[in-house]
Each structure stands twice: as structure tokens, then as C-alpha cells.
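Please look through the structure shown below.

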Amino acid sequence: MTALAGPAPLPWRRMAWVTWRHHRVALAGVATLLGVLAVYLWVAGLQLHHAYAVATACQPASSVACQNMMENFDGSYSSPAQTIVALLHVVPVLIGAFVGAPVLARELETGTFRYAWTLGFGRWRWTLAKLVPLAIVVAAAAGVFSLLFSWYFQPFFAEGSRIPLDPELFGLRGVAFAAWTLAAFATGALAGMLIRRVVPAIAATLAVYAGLVLTTDLYLQQHYARPVVTSQLNVPADAWIMSQWWTRSGTTVSQGTMNQVIQSTFERIAPVVHSRAQKTRVVTVDLPHYLTQHGYTSWTRYQPGSRFWLFQWIEGGWLLALSVLLIATTVWLVRRRAA
Amino acid sequence: MSMNIIEASGLGKRYGGTWALRDCTLEVPAGHVAALVGPNGAGKSTLLNLAVGLTAPSAGGVTVLGGRPAGSPAALDGIAFVAQDTPLYKNLSAADMMHLTRNLTRHFDQHYAQTRLDELGIPVKRKTGKLSGGQQAQLALTLALARRPRLLVLDEPVAMLDPIARHDFMATVLAAAGTGVAVLLSSHVLTELERVASYLILLSRGQVRLAGTVSDLLASHRQAGLEELALAYLRENTAGVTK
């Protein structure tokens, strides 16, 4: 018998009950939060879909009555939708911070790790057996929830008032919502291990998550694929436009100069109409077309709407990789630098 | 069979720039209740945390139960550790704690644990946070002994207990030692060790000052009791350091 070889490790399933017993309250909290929001989305979604169906069924669509109906639909439904969208943006980090941060922070704060980690299951296996199932559960719950959100929001995309890559909605749809929830959870777990106290770890998770979201929105998202640059004036309606500029004989015209050009052109080609109180100009020509016919070229840099799923998988992919890295780091820290 | 329940050589642990424990070389033979004695901050908890593998050494090494690396699965299977202030999951019941412990250990004597808790009158359905300090300590000890360890490690087990709870706790420890379980416990309360300890390790300022069986130490230092011996030695030593 060799003492150093050691016994076979205890089976992983031994941790199932422990993980459930320790985190069932947090998981019930997640279920309640997502459940309440889901019921709201379901009820509001049914009304929204019904109203949209009625508005689109109106014939003839170009009639004033039908136009009014569509405007009424926008007027009465887009504002609650905005509110729910704003609310949903904090859901991933709430789940991540309140489920993820306490996993290690509570053990370290109360000292129970001295009990749990000397029982013979092995402390890094204990950590992995807690983090992985919890991560899968919260990400899956978020994933299912975002399906419901996509259904709820569908009329606004169908109507064309929102583009597929709309940055405000991108993180709530497809695989992104689940991926952000997973990343928040993994951030929480690592923060808990590093900070060792529940409340500061939750606060740190919120801060780091906010930083990650801002960085992604401001610097990363638009670079997931090389943007399309076109000199066509009719950019597709579903394009996510990054920037637009004008050139004349190969050199870029600055925004200031361009404004002057537009102003003077406008004054030159638009006749002044004198009415009783004031004089107004009536534009009879399409100004951009006029300018392109007179030596100017309009350039647009944009991401086509057809790239929605490509962007979703890119964002989901790097967030998954980040989460795996964060969880691996947490497990590694537990393994090598317990108290 | 003779084996050392704990063996340290050149063991040291540094937190930042301060050595909590340094140059610790020890061999505690089996069959003893070994007491780790010293003032607060002497390095007692550090040594115990190293012995159970919760802390990695900054220098040297430590093995337990005849050469098993501290913290290895083989070592943890044979050790039960009751940490300072007996940390239990406060929102779990005693029954939950038993279930948890049984799941995460190789051996767990459910019958012993259940019987013992009944004898002690500890309600198994109540959350451990709602039990008295004495009951919490007894629960932690029961859970530890139900694992049928060969070495029981206790860090300041009775510091927070009232005299009766203290007495009951130590009686349970002694009974376990009587069945052949080696015990390593730390304390800064010397009086309670008098009855139980057969081996003494004296720590101060992160270093081992004295180690040996109580009978040998008393004979060689011509002291009547363990308390006098420890006090005399600590005074002398502190004086020596401050000079």
C-alpha cells in the first residue's frame, strides 16, 4: 500500500445536495425575480402583439386612419417597453452579484471554509462543484428568459422602429443575455474569493460589471466585424450606422465646412416663400443627391443588420471565454491560497 | 506501531513581512493528547492551519499521520478539525450538518452522531445558529468524532465556553483520546489542559520554545504542574527576549 497515492477522490455527486442546500435561497430569489418579470412580459406581450396585429391588419395601410393607428401603437406601447428594457439591463448583474459573490465570500467571512475544506472532498473540487452547476443554472435561466423578451419585443422589429443591432437591445437578446449573466456570476465568484466579504464583494461585482458593459458598448461591439463602407446614398434600413462623412475629389471635407456647404447650397437652390408673417424656404430637391451630383461623395460606415447572429456569437463567445477564465482563476486561488 | 501524528521541519509561515511561525521543527508521537500552548498571537492557529492544510507553508514542510502531506486527501481522511469559534453553517440544522458531513467525507458514523446528539439533548432540527455556545461546540465535536478520525485537531475549542460547557467538552475529548484518537489542541487557557495533556508544545512569538511529554518536561524542569511550567518558561523567555 502506498500512502502517497492516496484514496480515490469522493464522487462529484456528493456535492449536489450541499450546493443545493447552501444556495437554494439565492436560486429561489433568481426564480422569483425572473418569474415576476416573465409574467409581466407575457401579459404585456400578449397586449402588445394584439395591438400590433390590429394596427397591421388595417386596410389600406397608407390611409390616414391606419397611419394614426400605427402611431397610436407606438405612442402607447413604446414607453413601457423602454422602461422594461432599462430594467432588464441590471438583471444579469443582480443575479451575478447576489448568487456569485457569496459562494466563496460567505464561507471566508464566517469561517465555515475551515470546516468545509478540511472534510476530505478537496477544496478546489468543492469550489468547482459549486461554481459550475450554479453558473449553468443561472445562465440557462437567463437564456430562457431572453427568449421570452425577444418574443415580447418582436413587433417593434417587425415595424422597423428598431434595427436588429440596436445597441440598447443587443445585450438582452440572442445568447448575449445568458452570456452577460454568466460573466456577472463569474465576476462575483472571483470578487468573493479576493475580497472575502459578502457586501464589498457584491459592490465590487456591480462596479466591475458596469465597467465591462461600458467598455463593450463604447469600444468593442462595433469592431466585432469590419464595417461596410459605402458611397451609396441609400444605406439599408436595418444598418447600424457607425459614422458618415463627405469627401470632395478624394479628400475628406470637415463637418464644419460641410455644414457651410449645405447651408449655402440650401440658400441657393431652395426658393424663398413669403407668407404673411415669415419667410420660409421650400426644399424642392433632394439635397444629398444634389451634392453628389456636384462633386461631393457621401460615405457611410455601417454594420449590416444581417450580422446580428454573428455579433451575438462573438459577444457570447468572448464572454463565455472570460467567464471560464474567471472561474478557473477562482478555483486556482482556492487551491493555492486558502487562509 | 510507532508513528508521528505530526512532523514539522523548518516550518514557517509569513504574512506580508511578519513571520507568524518560523523554524518550527516538531515530532509529536502517536498516542498523546498534545497541547499547543502560548499567548495570543504566538502562532498556534497558524501551526494548526498548516497541519490541516488550510494554509500553505512559506518555508519547510509538515506531514501528519505518519508522513502524509498536510492537506492531502489521505491526510484529510484521517483528520477531523474543529476550528476556532467552531464555525458551523448557522442556517443549517444539526441534521443538515450531519448530512453535509456524511456527503463530503469517506467515513461518517451516522449512528454515533445521532446517539451522541440525543444524549446531549441537542435538537437536530434546530438551526445551529440558534443553539447555545456549548451546544454548538459539542455539535462540532460530535461531527468531528463521527468521522472516526485518527487525529483530532482542536483550535481554542473552549475559549468561548462557560465552565460547565468547558468541562463537558473536555470530558468528551478525553473519552475519545481513551479510544485511541490522537489529539492536538491549542489553548491559551492553561488550567483546562492540566487534566488532559500528555504532550506539551510551547509557542511564543512564532517559535517553538519547548516540546516534549509532560512527564519528561516536569521532571527536567522540576515544576509541580503544567501551568507552573508553562508560566515559568514563558516569563523567563519573554524576559530573555526583552533584555
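Which domains does the domain assignment of chain A give? The assignment gives domain 1 (16-226 + 310-336) and domain 2 (229-303); such bounds come from an automatic or database domain assignment. This is a predicted model, in which local features need pLDDT of at least 70 and side-chain atom pairs count only at pLDDT 80 or more, while totals for chains, interfaces and linings use all residues. Residues are numbered from 1 along each chain as its sequence is written, and chains are lettered from A and ligands numbered from 1 in the order in which they are written.

Taken over C-alpha atoms, the centres of domain 1 of chain A and domain 2 of chain A are separated by 42 Å. Between these domains, 6 residues of domain 1 of chain A are in contact with 5 residues of domain 2 of chain A; two residues are in contact if their C-beta atoms, placed from the backbone, lie within 7 Å. On the side of domain 1 of chain A that touches domain 2 of chain A, there are 4 nonpolar, 2 polar and no charged residues. Here Ala, Val, Leu, Ile, Met, Phe, Trp, Tyr, Cys and Pro count as nonpolar, Asp, Glu, Lys and Arg as charged, and the others, Gly among them, as polar.

Chain A has an open sheet of 4 strands in the order β1-β6-β2-β3, with antiparallel pairing. Helices (H or I, at least four residues) and strands (E, at least two) are DSSP runs, numbered from the N terminus, and two strands pair if DSSP finds at least two bridges between them. Because β1 (228-230) and β3 (251-253) of chain A each have a single partner strand, they stand at the edges, and one side of each is left without a neighbour in the sheet. The partner of β1(A) is shown by 3 bridges to strand β6 (residues 296-303) of chain A, running antiparallel. In this pair, A:V229 stands opposite A:R301.

Chain B also has paired strands. Strand β1 (residues 4-15) of chain B pairs with strand β2 (residues 18-29) of chain B in the antiparallel sense over 8 bridges, and B:A8 faces B:L26 in β2(B). The hairpin of these two strands has 2 residues between them, and B:G16 takes a positive phi near 65° there. β1(B) is also joined by 5 bridges to strand β4 (residues 59-64) of chain B, again antiparallel; B:S9 has B:G61 as its bridge partner in β4(B).

The largest nonpolar core has 149 residues, and B:A35, B:A51 and B:L184 have the most contacts inside it. Such a core is a set of buried Ala, Val, Leu, Ile, Met, Phe, Trp, Tyr and Cys residues joined through C-beta atoms within 7 Å. A residue is buried if 20 or more other C-beta atoms lie within 10 Å of its own, exposed if 12 or fewer, and partly exposed in between, with C-beta atoms placed from the backbone. Leaving aside neighbours within four places in sequence, B:A51 is in contact with B:I6, B:V62, B:V64, B:A70, B:V153 and B:L184.

Where the chains meet, the contact takes 27 residues from chain B and 23 residues from chain A. Of the side of chain B that touches chain A, the largest share, 6 residues, comes from α3(B). That side divides into 14 nonpolar, 8 polar and 5 charged residues.
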